[in-house]
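Dear colleague,

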Amino acid sequence: MTDAPLDSALPVFRPGTSDAEIEAAAIKVLQRRKHAVRFWQVAILVGILGLWELSSNRLWIDPFFYSSPSAIVARFYEWVTEGTAEGSLWYNLWVTMEEALIGFVAGSVTGVLVGIGLGRNQFLSDIFSVYIKAINSIPRVVLAPIFIMIMGLGLASKVALAFIMVFFVVFANAFQGVREADRNMIANARILGASNWEVTRTVVVPSAMSWIFASLHVSFGFAIIGAIVGEFVGARFGIGQLISIAKGTFDAAGMYAAIVLVMLVTLVAEFIMTMIENRLAKWRPQQHTDMQ
Amino acid sequence: MKQNASQVPAIELINVSRRFVSPTGKSLTALRDFNMTVAPGEFVAVVGPTGCGKSTTLNLVTGLARPSAGEVRLMGQPVNGIDPRVGFVFQTDALFPWRNVIDNVMAGPLFRGKAHKEAMRSAKDWLARVGLSRFEQHYPHQLSGGMRKRVSLAQTFINEPEILLMDEPFSALDVQTRTVMHEELLRLWAERKASVVFVTHDLEEAVALADKVYVLTAGPATVKSVYPIDLPRPRIVAEIRYEQRFIEYCRTIWEDLRDEVETSYRRASQAA
């Protein structure tokens, strides 16, 4: 039956109690625990927001710099209903998302392909490893000014920055995943009759998949960072540009509102990614039953 | 096996040596002047101390590794790359964990260019033979160790190998499951009579299964002695171990093997 993580919370019955009764009690304990977790999650959020609002009202903190939840909501409402200084909020959000998405897709596809290619070819990887290490030690955001100088204020420079942020993470994981592929499994496939390409397709890629997915989770966040940093440095539209303008006009509520918006978008993307991963990885032993 | 004497041997290793050179430049000899002959349909077991190079001999026969000197022949032809007549059962789990049971078993025929329908049909047939028809849609992690081994056997046998190589295939199983798997292996083998090389460190397993037992020396491995096992077939593995002749075989071979095991053990403790 279910292994309740808090076994001590289970009631002890008299000998002879029916299995159904014991099971029902166990399920009840599990459910109670789930509700308790949810309660505390909400309580902590409410507590923090409430404290923030209160201290801002009472001037324990300076509302000019720290704003307050109600002011942020008000600014957000204003952006939604009346638009921002730079046109509609949705347009600005779309610009950032477009940059991030194109960079993310291009970066992860290239990262996976190059990672698998180099992972499968010892000679090439011996040659290129030193260059990859060198380029990888450049902090990516310092490339933003260069990209903007070369590609201008539009889409291309932000896509390039998001691409480069995503590429190295995905590449490194795909490469490692290929290297970790079980040697016996590869030998097995070859003896069963698989060609080199079939070994890559049926053994190496699937076994690298969990590594690749781990990197995709973080790298969508990186794509957003790339897009927004690019917009900080120079852009006409986008969430980064909104933050930049808010900073210029000392509009703390505007900055926080933009940050919350980006946070929500990234959370949704993360959620979608987890769903896709769970669907693809149905062969894996159930490792975590989410206690949410 | 007398009637096979005139035929070409299924597997021949002739004066084979295999040396490894590590990236630091140190060299290691795994096999030295190794000779072995396996007749068609013969079941050969190879026993020797741990780490003496038993598995290396199998890799040479598959074509995954090449001899540094000497020659390996299959059916009279020198080995050149991976031979489609060879099947291999691994010690560890080599099933593809992301494929369910039937897709694992179908892998071989599909790799070899069979039509999907035909592959499916023979996969179902082989799963029935190993008694796993009800588990077609399960993934390997949902099966017990013994069941996974059966899937491995089906995966290998579906290609109908003429040469079957087994590298301590049952060493990870518990004793009861192992005995069941021995019966299963002998039954499957008796249907088609592939030539088998079965590497193991378990002497009783070797005597119970094989027609011939090769005893190897502590590394670098070379053949110390060969014992024909003249026990009648079909054998019932669970019972054969109580027979007087079985016990005699085990005792004789163990006398021989013990020196090598002790040498190997002494070296290991000196190195440590």
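**Helix packing in chain A**

In chain A, A:Ala227, A:Ile228, A:Val229, A:Gly230, A:Glu231 and A:Phe232 of α9(A) meet A:Ile239, A:Gly240, A:Gln241 and A:Ser244 of α10(A), where a contact means that the C-beta atoms of two residues, placed from the backbone, lie within 7 Å. By class, this contact of α9(A) with α10(A) holds five nonpolar residues, four polar and one charged; Ala, Val, Leu, Ile, Met, Phe, Trp, Tyr, Cys and Pro count as nonpolar, Asp, Glu, Lys and Arg as charged, and the others, Gly among them, as polar.

Before going further, please keep in mind that this is a predicted model, in which local features need pLDDT of at least 70 and side-chain atom pairs count only at pLDDT 80 or more, while totals for chains, interfaces and linings use all residues. Residues are numbered from 1 along each chain as its sequence is written, and chains are lettered from A and ligands numbered from 1 in the order in which they are written.

The axes of α9(A) and α10(A), the latter covering residues 239-248, come within 7 Å and cross at roughly 45°; axes here are lines fitted to C-alpha atoms, for helices over the stretch in contact, and angles run from 0 to 180 degrees between N-to-C directions. The two helices α9(A) and α10(A) are therefore oblique to each other, on a scale where angles under 35 degrees count as roughly parallel, over 145 as roughly antiparallel, 65 to 115 as roughly perpendicular and the rest as oblique. Their crossing is right-handed, a crossing being left-handed if the near helix is turned anticlockwise from the far one by less than a right angle, and right-handed if clockwise.

Helix α9(A), residues 196-233, also packs with α7(A), residues 155-179, at an angle of about 160° and with the axes 7 Å apart, so α7(A) and α9(A) are roughly antiparallel. Here too α7(A) passes α9(A) in a right-handed crossing, and the contact has 20 nonpolar, nine polar and two charged residues. Helices (H or I, at least four residues) and strands (E, at least two) are DSSP runs, numbered from the N terminus.

**Domains and the contact between chains**

Chain A is divided into domain 1 (7-61) and domain 2 (69-280), with bounds that come from an automatic or database domain assignment, and the C-alpha centres of these domains lie 36 Å apart. In chain B the assignment gives domain 1 (2-85 + 162-235) and domain 2 (95-160), whose centres over C-alpha atoms are separated by 25 Å. The contact between the domains of chain B takes 11 residues from domain 1 and nine residues from domain 2, and the domain 1 side consists of eight nonpolar, one polar and two charged residues.

Between the chains, 19 residues of chain B are in contact with 14 residues of chain A. On the chain B side, the elements giving two or more residues are β6 (86-89) and α2 (101-111), and α2(B) gives the most, with three residues. That side of chain B has 13 nonpolar, five polar and one charged residues.

**Sheets in chain B**

One open sheet of chain B has four strands in the order β2-β1-β4-β5, with antiparallel pairing, two strands being paired if DSSP finds at least two bridges between them. The edge strands are β2 and β5 (77-78), each of which pairs on one side only. Strands β1(B), residues 11-21, and β2(B), residues 27-38, are joined by eight bridges; B:Leu13 has B:Met36 as its bridge partner in β2(B), and B:Arg18 stands opposite B:Leu31. Their hairpin has five residues between the strands, and B:Gly25 takes a positive phi near 95° there. Helix α1(B), residues 54-62, packs on this sheet, touching β1, β2 and β4 (69-74), and its direction makes about 110° with that of β1(B).

Another open sheet of chain B has six strands in the order β6-β7-β8-β3-β9-β10, with mixed pairing. Strands β6 and β10 (223-228) of chain B stand at its edges with a single partner strand each, so one side of each is left without a neighbour in the sheet. The twist averages 15° from one strand to the next. Within this order, β3(B), residues 43-47, and β9(B), residues 212-216, run parallel and are joined by four bridges, with B:Ala45 opposite B:Val213.

With best wishes
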